[in-house]
Each structure stands twice: as structure tokens, then as C-alpha cells.
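This briefing is meant to be read with the sequence and the model open side by side.

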Amino acid sequence: MGKRVGMEVSIAAAEVVGLCDVDVIAAYPITPQTHIVEHLSELVADGHLDAEFIPVESEHSAMSTCVGSAAAGARTFTSTSSQGYALMAEICYIASSMRLPIVMAVANRALSAPINIWNDHADMMMARDTGWIQTVAENGQEVVDLILHAFRVAEDHRVLLPVMVNLDGFTLSHMIEPIILPDKEEVDRYLPPYKPKLRLDPQNPMTFGPVGMPEVYTEAKKAQDEAVKESKAVIVEAWQEFEKQFGRSYKPVETYKAEDAETLLLTMGSISETAMTAVDKMRADGQKVGLAHLRLWRPFPAEELVDAVKGAKALAVVDRALSLSGGCGPVCVEVKSTLFDRGLSPYVQNFLAGLGGRDVTVEDFETMVAKVGDGLAKGLPMGYEIVNARE
Amino acid sequence: MGIAAEALKDFKGFHPKKLPEREPLSPGHRACQGCGEVLALRQVMKALGENVVVASATGCMEIISSPFPQTAWRVPWIHVAFENAAAVISGVESAYRALNRKGKINQPDVVFLAYGGDGGTADIGLQSLSGALERGHNFLYVCLDNEAYMNTGIQRSSSTPYGAMTTTSPPGKKSIGQRTWKKNVAHIAAAHGIPYVATASPAYALDLMNKVKKAAAVPGPAYIHIYSPCPTGWRHGTDLAIEVARMAVLTKVFPLYEVIDGKWILSRKVTKPKPVSEYLKLQRRFRHLTEKEIEAIQKRVDEEYEQLLAMCSLGAEPAEGEESS
């Protein structure tokens, strides 16, 4: 077991990618992802990591290069943020449809316009329907653990899907935190060598990316949907193995003081730790408040969500990206849909918070809980509000 | 001696009676009757053989060769999107480089080919092509230039010649057809300072195949721009693709040359060129042009050919003798 040392989260992310012995990295610089790929290029330059580092001319080419690399049978990594994700989005759909186990760290950042380099979840929400597995980190240790987990899940022959590890830009990516890096033997024990199921090989020629006529397109998409849904069992299994080996536990939906809670906050990402502080404070005041936080965004953990929230009378669901003019933000859409399908009807209020780097404070969570309590008591209509927006 | 010249110093071309019999791109694909593009691609693949990985841009050659569950490809082939064949092959080539170095595979001699049409090369794919050429990957990029977006129904590209009729450059009372002169992607490729650039034509099959063989032998990036007649889009007879392609060379419209380590070499000097009108009249995409417009095209063709001659070692002997009408 490695020692707990203070290091920047992006550096730790790059270090664990290096420990995973990736073969090819293709990346283009964008704030706040830059420190991850800078450090990877240093690891390659110094001979600590034997990999091809390809400094491509755009994020579109970054993902295209990753597709070529993964199809040729190499362990492949990239990283991006925001506009960079938007530019590569076309190819992200193709990467998952071609069942290529690429791992990508996304330092989450708001989308333009106005241009804004700070954190929210607009980029990862754009990736929602691409067929990528998406996990979400709340602190630096989790970034390291989830990247290691991502390679194992992606390359599992029962899965063969790309995995996006989300970490909040700046509020996670640029923080110096105490982190335990695994040593090489531990990584090798957890992560077997990548054995591609199919690869571009002249000794066994295959056609990758053929035309799908109407007669086969629907079946191809159905098969892909099944693959994404079925990946959840492997994701959970890999977390259980991780806990056995490293002692740190991960679940698709995690909870904090939620057992007897009448009101639940529901969050995703690094604000979850702030929400825990808020829960502690409100509990000290005698309020029955708890927290459910999503670790897994895709495949969406519907059953686990229901288990986590079924006892609550009211939910304050926090979204960090807008679905402009929709009924609520993307996380809340999934929550409401999941509950409706099962005949559950708690009082749900949606709070759009932390957009473009705006801080979300303990007091903000207290206000959300108070508003949900008030709405439930008075029978106010459910809906969404954009928190702390000046008129 | 430059790296390309060094790699080619013992180069042996194909013998016309001993061409490879194997067809890595098999017959039975769905190309139009008389397609000059698929003929050019067939010649490329015959020259490359079977120890190759191919990345295809979206376009005619992709759609006609890979309708699931069928494939015309006897070699590993990948299609991802329209604008990124050069980036995809960058990833494949890098993966092979890493896996060979790390002892995970032992396949050091695989050749990497990316190809696209003129839309996928001169327009939407120009950035990813430039990036891959600049980074120095060991691969060959082939542009199969049929001078418009044929797969989507004959829309103009930046590679469509001046005056040509397409569905988005229609001639009319206020239009002569395509208003702009053809973008010269071979020159753009050469400006990257890569070891090998060439133009080629399926009407000169041996020349084409030898250039492909050279491009594969040269370490680093290589680019070949291949003139690819399209009977459907150019409105000429399905038996005329080779004649049109040959006429393009004999009228100096599409000169054949190589750029080896930055040195420009004419493949065939056209000493007694035919008038451009002989080329234009074979194709109904030009039939609306007036004599005045044809004169302007002739003038441009003559000027560009003179510029090319000036670049080609200032009067040095052409590589394979003279071509005259």
C-alpha cells in the first residue's frame, strides 16, 4: 500500500494512468484538463511511462486517434473539458458504438457562451446519451480510484465500452489533496493486461465501422443499449473487488445519514462533500435531513436510486447543468422518471446551482432544504429554480 | 540524401507482366458502373498488398464497400467518420508503434493507409490531414479526387474545377457554374515538408502503383493525390473513365509529378499538349461553358503548368520520358 501524500489531483490522475501502463495517449490542451496531459507527457518524456503521447491538433482528432488506437488493440487514454468535449462529441458516439474501451478523464467545465472556464456539469450532460459509462468523483482519492476502476471495467469482455471519469474542474482538478497512490504490483493485481477481443490485424482481417442499413440499425442500437445496461453488474463487481483489495468502498448511489431522513438532498460530484457538512449542521439542529449522491451517472442506477430515496417525503435534487426550458435539469429528469415508473411520488424540487464556477455553500443547501420543507407543507407546485441568480 | 531518396535508392517498380494477382479490395462491391475512383483504389490496394491497415473516410468508397453484413475488404479496414481518416490512422499507427516496442505484438512491417475523397480531404478533413502530416506518422494518405461530393449527390467542393456544373454550383443566368479555381491539396501536402508527395491517375496504372509502392517504402508521411473520374457526377459515358483520365494528363489539366524530399520531379512531360477543350467536351458538366470561359481555363492551365515546370528542377529530365499527343 502506498503512502498518503499531498499532491495536485490532476498530477495524481496522470500518475495512476501511468501506473495502468497505457500504450497510447492522444490529447489536446484545454483548461482545466491541461495539468493531467502535461504530466502524462512528462512521464513519457522522462521514460517513466512507455507510451505514445500524440499531441493532436484538436479534440476531434484526439478522440478519432483514440478510436484508431483502441481498434488496433492498445490501452488508450485521453482527457478533455467543456468545448473540447463538444468538439469531439461526434466521435464519442462512434467510440461507444464500436465498443472501444477508451478511458477519458473529463475535468468538468461550463459550456460557452459566455465563455467560462470554471466548473459545472454541462459537458458531462452533453455526453449523457453517447453510450459511455460515466462515473463521478468527489475528491482526489476518488479520481485515482475511479480511473483505475475505469480501465478494468472498460476492458472487461462483458463490457467493452468507453468510460468517462468525471472530476469537477478546478474545485477538484487543481486542488492539492492527501492521496494514496497504489503501487505497481497492486495495480497489476487489480487490472489485468488488456486483451482486445477484436483488433485491426492483417493476420485476421476485419471490417470495422460498416454501413448499417435500416434492416440492421435498430438491432445494433438495441444491442448497444443492452450492453450499457448490463455493464452495471460489472461496474459494481469491480468496485467490490476494489474494496477487497484497497479497502475503499464505492456504490452506484451512495448515501449519508439517509436512513431515517424525511428530506433528502440529491447531488453529484464534489459539492456532495459540502452537502455532507450541511447535513451534519442540520442534523445537529434536529432536522431529519440526509444525502444521496450519485457515483454512477451512466448506466443510470435506477434501482439503487429508488432504494436510497424511497423512505423520504421530499427531495431537493441539485443539477449543475441546464436543460433549457425543460421541466427540470437532467439529473432531476432521471430521478422523476425513475420514481414515476415505480409509483413513488415524494415532493421533488430541483435546484440549478453551481453554474460556471459559482460556489455552492453549506448555507445554499440549508436554504434548499428549507424551501423543500415549505413547499411540501404548503403544497406549492413542483419545479425548478436557478439558485442565487440575480434579477 | 534525404530520407525518402535514401529509402528509395534501390527501388524496383512493378513489372507490367508480373502485377500482383491478389485483390485486397475484392470485386462485388456496389460502385457505379464505370467508376474511375474504385478502379484507382483497386490499383492502390494491389500495390500495397495485404500487410496493411486501412482507414477510410466517409464517402463513396466507404459506402460501396461495407454494407453490413457484407464487406469488399480482405484487409483490416476501419471507417469512423467523414473528416478524420488521417487522425484515425494516426491512432492505429501509434498503437502498432507502442505495442511493437513494448513486445506486446511482433508486426513491425505493417503499412498504414488512410484515404478520403476530395470533400474528406480538401474540405472537412484538411485539418486532421494537416495534423497527421505535421506529426510525422508513418502512413500514406490517398486523396481520391472526383472533384465534388458525389456520395451525397454531386455538390461542389473546394476541389471542384472552375466552371463545372454541380448540384450546388449550377450554371444559370447569373452563374457559370463553379466560380472558384480548384484547391491544390498536393501543394498543401508538400508544404508540410513531408518526404513524399505525388499525383497519379488510374489511366497510368503502372505509374500509380509504383508511386504507391514508393510511398509505402518511405519512412514518415506520404501523400498521393489521385485523379478519379466519376461518370455519374461528371456526366460522361461509363466506358470513358480512363479516356477522360488520360485526357486530363494530355491537356495538362492534371499533371503527374512527385515531390521527393522537397524536390519536384515531373513524371511525364507533356510536350505537345492537346487543347483543354478536348478534355472538357468529354464531360457534360462543362457543356454550358462559352468559348471565352474555355479560353480562361486554357490560360490558367498553361500558367499552372509553367509554374510546375519551373518547380520541377528547372528543366531536368522527366522521370519516365516524354508524353506527347
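With which residue does A:Lys244 form a salt bridge? The partner is A:Glu241, and the closest N and O atoms of the two residues are 3.3 Å apart. This distance, like every other value below, comes from a predicted model.

- A:Lys244 and A:Glu241 are three residues apart in helix H8 of chain A, so about one helical turn separates them.
- A:Lys244 counts as exposed, because its relative accessibility is 68%, while A:Glu241, at 29%, counts as partly exposed.
- Another pair in chain A is formed by A:Lys229 and A:Asp225, whose side chains meet in a salt bridge with an N to O distance of 3.6 Å.
- Both A:Lys229 and A:Asp225 belong to helix H8 (residues 214-246) of chain A, where they are four residues apart, which is about one turn of the helix.
- Both partners are partly exposed, with a relative accessible area of 48% for A:Lys229 and a relative accessibility of 42% for A:Asp225.

**A salt bridge between the chains**

- Over all chains the structure holds 47 salt bridges, and one of them links A:Asp23 with B:Lys104, with the closest N and O atoms 2.9 Å apart.
- This pair joins two chains, because A:Asp23 lies in the loop between helix H1 (9-19) and strand E2 (24-27) of chain A, whereas B:Lys104 lies in the loop between H4 and strand E3 (111-117) of chain B.
- Is A:Asp23 buried or exposed? With a relative accessibility of 2%, A:Asp23 counts as buried, while B:Lys104 is partly exposed, with a relative accessible area of 43%.

**The contact between chain A and chain B**

- The contact is made by 44 residues from chain B and 41 residues from chain A.
- Between them, the two chains bury about 3,100 Å², and 58% of this area is on carbon and sulfur atoms.
- On the side of chain B, the residues that lose the most area to chain A are B:Phe68, B:Lys102 and B:Arg135, which together account for 16% of what that side buries.
- Eight salt bridges are found across this interface, and the count of residue pairs in polar contact between the two chains is 23.
- Several elements of chain B each supply at least two residues of the side that touches chain A, namely strand E1 (52-56), helix H3 (60-63), strand E2 (77-79), H4 and helix H6 (126-135).
- The largest share of that side comes from H4 of chain B, with 12 residues.

**The nonpolar cores**

- The largest nonpolar core has 70 residues, and the members that touch the most other members are A:Met63, B:Ile78 and B:Tyr223.
- Helix H4 (residues 85-101) of chain B gives the most to this core, contributing nine residues.
- Apart from this core lies another one of 50 residues, including A:Val144, A:Val153, A:Val163 and A:Ile179.
- Leaving aside residues up to four places away in sequence, A:Met63 touches several residues of chain A, among them A:Met88, A:Ile91, A:Cys92 and A:Trp132.

**A region listed in the record**

- For residues 58-226 of chain B, an unreviewed UniProt entry lists "domain: Thiamine pyrophosphate enzyme TPP-binding".
- Over residues 58-226, chain B is 33% helix and 18% strand, and the end C-alpha atoms are 17 Å apart.

Technical notes: Residues numbered from 1 in each chain as written. Chains lettered and ligands numbered in written order. Predicted model: local features only at pLDDT ≥ 70, side-chain atom pairs only at ≥ 80, totals over all residues. Heavy atoms only, no water. Core = buried A, V, L, I, M, F, W, Y, C linked by side-chain atoms within 4.5 Å. Buried < 20%, exposed > 50% of the residue type's maximum accessible area, 1.4 Å probe, protein only. Contact = heavy atoms within 4.5 Å. UniProt positions renumbered as here; feature names shortened; annotations may be inferred. Buried area = accessible area lost by both parts, 1.4 Å probe. Salt bridge = Lys/Arg side-chain N within 4 Å of Asp/Glu carboxyl O. Polar contact = N/O pair within 3.5 Å; in protein donor to acceptor, adjacent residues only side chain to side chain.
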